[in-house]
Amino acid sequence: IAVTPANPSIAAGQQQQFAATGTYSDASKKDLTSTATWTSSAPSVATISSGLATSLAAGSTTIQATSGSINGSTTLTVTASALVSIAVTPANPSIAAGQQQQFTATGTYTDASKKDLTSTATWTSSAPSVATISSGLATSLVAGSTTIQAASGSINGSTTLTVTAPTL
């Protein structure tokens, strides 16, 4: 039995579909994915059912497919959870010129965990003449609108800040 893909690596919280292909004495091949008995040597790292592995924590586990007395296996490596999205809040606020607005960046990871990235994200304003931003704190300068973006690596999130005329 050949288990494919061979030795994949995924982030915690992600899934990996495996296939089991049986080779018979006449050299014919048959897909055994749905009929094989699937096991994971380290169920705390990843569980498996019908060839679909769900990763839980960083580590490695041997994924095995068995049919009768014949089996095949491969190693699944699970890495730490990876950042998949960033939410910038509050969404689309409006402030008067001369005021400040604190934004928060919340990262969501492959294992569905969330982390405050406000202090570590790279913050930018698409219109620095309207508002500047540093460490999530925007300072408005003149009326207009700007896109406020928080980035971490290649992942980013944004919202629009509207700046109105100064108030009395």
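**Ser 140 and its surroundings**

Trainee: Which residues is Ser 140 in contact with, leaving aside its neighbours within four places in sequence?
Mentor: Ser 140 is in contact with Ile 95, Ala 96, Ala 97, Gly 98, Gln 99, Val 130, Ala 131 and Val 163; contact means heavy atoms within 4.5 Å. This is a predicted model, in which local features need pLDDT of at least 70 and side-chain atom pairs count only at pLDDT 80 or more, while totals for chains, interfaces and linings use all residues. Residues are numbered from 1 along each chain as its sequence is written, and side-chain values use heavy atoms, with hydrogens and water left out.

Trainee: Buried or exposed, how does Ser 140 count?
Mentor: Ser 140 counts as buried, at 2% relative accessibility. Buried means under 20% relative accessible area, exposed over 50%, and partly exposed in between, with a 1.4 Å probe and protein chains only. Ser 140 lies in strand β18, residues 137–140; strands are DSSP runs of E with at least two residues, and helices are runs of H or I with at least four, numbered from the N terminus.

Trainee: What does the side chain of Ser 140 reach at 2.8 Å?
Mentor: It reaches the backbone oxygen of Gln 99. A polar atom of the Ser 140 side chain also lies 2.9 Å from the backbone oxygen of Ala 96.

**Thr 74 and strand β10**

Trainee: Now to Thr 74: which strand does it lie in?
Mentor: Thr 74 lies in β10, residues 70–79, and counts as buried at 5% relative accessibility. A polar atom of its side chain lies 2.7 Å from the backbone nitrogen of Asn 7.

Trainee: How many bridges join β9 to β10?
Mentor: Nine bridges join β9, residues 59–67, to β10, and the two run antiparallel; strands pair if DSSP finds at least two bridges between them. Gln 64 stands opposite Ser 73 in β10. The two strands form a hairpin with two residues between them, and Gly 68 in the turn has a positive phi of about 65 degrees.

Trainee: And how does β2 run relative to β10, parallel or antiparallel?
Mentor: β2, residues 9–11, runs parallel to β10, joined by three bridges. Ala 11 stands opposite Thr 79.

**A sheet and the whole chain**

Trainee: What is the strand order in the open sheet of three strands?
Mentor: The order is β11-β14-β15, with antiparallel pairing. β11 (83–89) and β15 (114–116) each have a single partner strand, so one side of each is left without a neighbour in the sheet. β11 and β14, residues 104–109, pair over six bridges, and Leu 83 has Tyr 109 as its bridge partner.

Trainee: How many helices and strands are in the protein chain?
Mentor: There are zero helices and 20 strands. The radius of gyration is 25 Å, well over the 15 Å that the globule rule gives for 168 residues, so the chain is more spread out than a compact globule. That radius is taken over C-alpha atoms, and the rule is 2.2 Å times the number of residues to the power 0.38. The C-alpha atoms fill a box of roughly 85 × 30 × 20 Å along the principal axes.

How values were computed
Polar contact = N/O pair within 3.5 Å; in protein donor to acceptor, adjacent residues only side chain to side chain.
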